[in-house]
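Hi,

Here is the structure I said I'd pass along.

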Amino acid sequence: MPAAAAKGTKVYAFLTFHVRTGRLAAFCDACAELLSASTNDVGRVRIALHRELPWARSMSNEEFTLFMMEQTWACGADLEKHTCSPHAVKFNEAILKQRMLATEPSVSIFGEPLTTTQLAKLAAEASAQEAAEASLAGEEVSNSPAFH
């Protein structure tokens, strides 16, 4: 499990919304209100909403349209403050009470993008962990009563 973002490290939130076709106008209105009200939130770097484009494996269909909201915050505390803000609470309540979504929204929080050096370090650590686990598993098999 990765460690929490260090203080002063940007935090990235990605939210997906499967918006019911019949509630699309209400969702767009609620998002526009949220985006406008969030403009001056402390630590807000960026909030953007994307609509899925049609493609061969698109999730969107006649029943719902997939949207992704990307948020960048100066730190985790700023994101936490935003989630408790009146405009964020109002948005969350509206999308749920007005049954705008075909399924629960998905929310994922990430740290800064990884560099190639960080990826190499992560891969080395994972390989070492896998080797250690394989070694332990081999010892457990060789120490079991069936092998004596």
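Predicted model: local features only at pLDDT ≥ 70, side-chain atom pairs only at ≥ 80, totals over all residues.

Let's start with the helices. Helix 1 (residues 24–37) packs against helix 3 with the axes 9 Å apart and an angle of about 170° between them. Since angles over 145 degrees count as roughly antiparallel, that is what helix 1 is relative to helix 3. On the helix 1 side, the contact is made by F27, A30, C31, E33, L34 and A37, while helix 3 brings H87, A88, K90, F91 and I95. Sorted by type, the residues of this contact come out as 8 nonpolar, 1 polar and 2 charged.

Setting aside neighbours within four places in sequence, H87 touches L34, A37, S38, D41 and H82.

Now for the second largest pocket, which has a volume of about 260 Å³. Its lining has 18 residues, and those nearest the centre are L15, T83, F91, N92 and V107. Strand 1 (11–20), strand 3 (64–73), helix 2 (76–84), helix 3 and strand 4 (106–110) each give two or more residues to that lining. Which element gives the largest share? That would be helix 3, with 5 residues. By type, the lining splits into 13 nonpolar, 4 polar and 1 charged. F91 is worth a click, as it is in the contact between helix 1 and helix 3 and also among the residues nearest the pocket centre.

Cheers

Key. Residues numbered from 1 in each chain as written. Heavy atoms only, no water. Contact = heavy atoms within 4.5 Å. 1 Å grid on protein atoms, 1.4 Å probe; cavity = no way out; pocket = protein on both sides within 12 Å on 5 of 7 lines; lining within 4 Å. Points joined across faces, edges and corners; volume = space filled by probe spheres on them. Helix = DSSP H or I, 4+ residues; strand = E, 2+ residues; numbered from the N terminus. Nonpolar A, V, L, I, M, F, W, Y, C, P; charged D, E, K, R; others polar. Axes fitted to C-alpha atoms, helices over the stretch in contact; angles between N-to-C directions. Parallel < 35°, antiparallel > 145°, perpendicular 65-115°, else oblique.
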